[in-house]
Amino acid sequence: MAACAGASPAELVQALAGLGDVPAATDLRGTEQGLVMLRGRMGGDGNPFNLGEATVTRAAIRLPDGRTGFAYQLGRDAAKARTAAILDALWQGPERAAVEAALAPIRDRIAGEAAAKARRVAATRVNFFTMVRGED
Amino acid sequence: MYVAVKGGEEAIDNAHGLLAHERRGPISIPDLSPDQIETQLALAVDRVMAEGSLYDPALAALAIKQARGDLIEAIFLVRAFRTTLPRFGNGEPVETGAMAIERRISATFKDLPGGQVLGPTFDYTHRLIDFMLAAGVTPPLPAEVETEHEATPRVTDLLDGEGLIEQELRDDTVEVGDLTRAPLDFPADRDLRLQALARGDEGFLLALGYSTQRGYGRTHPFVGEIRFGEVMAEFVPEELGFAVPLGPVALTECQMVNQFHGSAELPPQFTRGYGLVFGQSERKAMSMSLVDRALRTREFGEDVTAPAQDEEFVLSHCDNVQATGFVEHLKLPHYVDFQAELGLVRQMRSEYAARQQELKEAAE
């Protein structure tokens with residue numbers, strides 16, 4: 001689900017296409033945009049408080065064999081959420097390995113970008129040194 | 001009072017047409033895409049998300065375009081948009097301790113575990129206009145250093161052992177106040193105050209934070225830590241019953257550590273002010289933490305002597321959409337009001353003139 005949330009719409013379409021013929025899914029509930037109230041904690045670790053909302057799109061589908069799939073994703077992309085829900089349903093059954101394999105490039109891309117960002121950030125780390133005072 | 005008046009429909013339509021024309025500007029200059037705004041004016045987008053109280057960078061970028069760069073107008077648009085959507089529920093509280101750090105500094109501990117990283121900052125720039133940007137120069141790739149993953153605990157956890165620093169209470173069974181669902185009532189608890197501050201106007205909170213530094217409700221603050229980066233937003237849908245990751249959310253967090261002399265009930269210790277803001281906004285997060293601490297007077301038995309400590313004053317005036325609405329309503333037709341006032345002033349003037357005449361006659 002994290003890979004699906006971080007994927008671009010095109011990546012998810014490609015992942016689904018890579019699984020070959022997928023049975024047509026029906027909507028368990030119409031794909032819709034909504035809000036989730038994001039929360040923080042006082043001091044970072046205390047009681048929760050409402051920080052502000054985020055747009056979230058949710059999809060719920062059913063495959064002909066009865067498997068259901070869900071997706072809740074930041075943003076307003078209905079097609080992407082529905083694709084993610086289909087992948088979620090497929091993952092519940094024999095296609096699990098194939099779904100994992102189809103998502104692997106997305107995971108690799110996300111991990112690669114995170115690592116590159118971490119390396120760039122690491123280059124801005126401050127190495128303090130103390131000047132030694134010459135006493136004699 | 002303003003009364004309904006009719007007329008002006010054509011003028012309004014044409015004004016909006018003119019607005020669209022002016023928004024586009026000269027056709028000889030390329031149209032600005034929301035993608036460009038989202039990625040190249042990212043801090044404006046962050047401000048609109050924070051004060052619009054809605055995390056959606058693409059929407060905020062579009063709002064900025066529609067508002068011609070007027071950020072408060074963009075914030076208004078975002079606030080209006082959110083009212084059109086149903087709420088699925090409340091997210092799990094974000095775990096800022098697990099943030100993918102892009103910037104982390106402390107003014108109190110030089111050698112904190114995980115280190116201090118500057119990240120993309122304006123600090124230490126010379127604030128000289130860079131004319132190379134006008135020439136459209138592509139900057140060189142930034143430096144990279146191989147890194148091992150190192151935990152970055154919150155600075156406020158470091159002094160735990162000695163009890164020198166105030167501990168937050170953590171109770172997830174308490175009901176969390178929501179000012180978008182129930183009007184603010186005073187006194188307001190800290191959860192509501194933090195929600196109001198998180199969406200409050202950056203300039204207003206900056207000025208209030210500054211006022212505490214200048215002595216109007218002094219709190220002796222130190223920046224324990226500022227961190228910026230992404231955390232995973234999580235939500236537990238009813239039908240699933242477990243937390244699903246919604247996607248990464250960029251946040252700035254500020255832990256302000258403040259001196260406190262202690263009271264009859266509490267030994268001397270450092271107290272805390274907290275700031276948490278959507279996107280990268282250190283100024284806002286710092287201001288928020290200063291004002292959060294200033295507002296905690298009831299907890300520490302402090303006298304309310306300054307504006308920043310007065311929760312009714314701060315919370316009633318920190319929302320720039322509310323403030324704009326009331327200030328700008330003055331330009332709506334007040335014709336009847338003003339006619340009434342005109343009549344009153346004329347009457348008072350004639351009475352005044354009559355009194356003057358009587359005095360003059362009496363003197364003669």
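Biologist: How much area is buried between chain A and chain B, and what percentage of that area do carbon and sulfur atoms give?

Modeller: This is a predicted model, and the values that follow are computed from it. The area buried between chain A and chain B is about 5,700 Å². Carbon and sulfur atoms give 61% of that area.

Biologist: How many residues does the contact take from each chain?

Modeller: Chain A contributes 47 residues to the contact, and chain B contributes 76 residues.

Biologist: How many residue pairs are in polar contact between chain A and chain B, and which elements supply the side of chain A that touches chain B?

Modeller: There are 30 residue pairs in polar contact between chain A and chain B, counted with both residues at pLDDT 80 or more. On the side of chain A that touches chain B, at least two residues each are supplied by α1 (2-6), β1 (26-41), β2 (48-62), β3 and α4 (96-122) of chain A. The largest share, 11 residues, comes from β1(A). By class, the residues on this side of chain A divide into 22 nonpolar, 13 polar and 12 charged.

Biologist: Which residues line the largest cavity?

Modeller: From chain A the lining takes M1(A), C4(A), F70(A), A71(A), Y72(A), Q73(A), A84(A) and D88(A), and from chain B it takes V244(B) and P245(B). Two or more of these lining residues come from each of β3 (68-74) and α3 (78-91) of chain A and β5 (244-258) of chain B. β3(A) gives the most, with 4 residues. By class, the lining has 8 nonpolar, 1 polar and 1 charged residues.

Biologist: What is the volume of the second largest pocket, and which residues lie nearest its centre?

Modeller: The second largest pocket has a volume of about 340 Å³. Its lining counts 18 residues, with M42(A), N47(A), D189(B), R190(B) and E299(B) nearest the centre. In chain B, α7 and α10 (297-300) are the elements that give two or more residues to this lining, and the largest share, 3 residues, comes from α7(B). The residues of the lining divide into 6 nonpolar, 2 polar and 10 charged.

Biologist: The backbone remains. Which residues does a cis peptide bond join, and where is P187(B) placed?

Modeller: The cis peptide bond joins F186(B) and P187(B), with omega about 0°. P187(B) is placed in the loop between α6 and α7 of chain B.

Biologist: What is the phi of S53(B), and where does S53(B) lie?

Modeller: S53(B) has a positive phi of about 60°, although it is not a glycine. S53(B) lies in the loop between α3 (42-52) and β1 (54-55) of chain B.

How values were computed: Residues are numbered from 1 along each chain as its sequence is written. Chains are lettered from A and ligands numbered from 1 in the order in which they are written. This is a predicted model: local features need pLDDT of at least 70, side-chain atom pairs count only at pLDDT 80 or more; totals for chains, interfaces and linings use all residues. Side-chain values use heavy atoms; hydrogens and water are left out. On a 1 Å grid over the protein atoms alone, a cavity is a set of points where a 1.4 Å probe fits but cannot get out, and a pocket is an open set with protein on both sides within 12 Å along at least five of seven lines; lining residues have an atom within 4 Å of a point. Ala, Val, Leu, Ile, Met, Phe, Trp, Tyr, Cys and Pro count as nonpolar, Asp, Glu, Lys and Arg as charged, and the others, Gly among them, as polar. Contact means heavy atoms within 4.5 Å. Buried area is the accessible area (1.4 Å probe) that two parts lose on being put together, summed over both. A polar contact is a pair of N or O atoms within 3.5 Å; within protein, one must be able to donate a hydrogen and the other to accept it, and residues adjacent in sequence count only if both atoms are side-chain atoms. Grid points are joined across faces, edges and corners, and a volume is the space filled by probe spheres set on the points.
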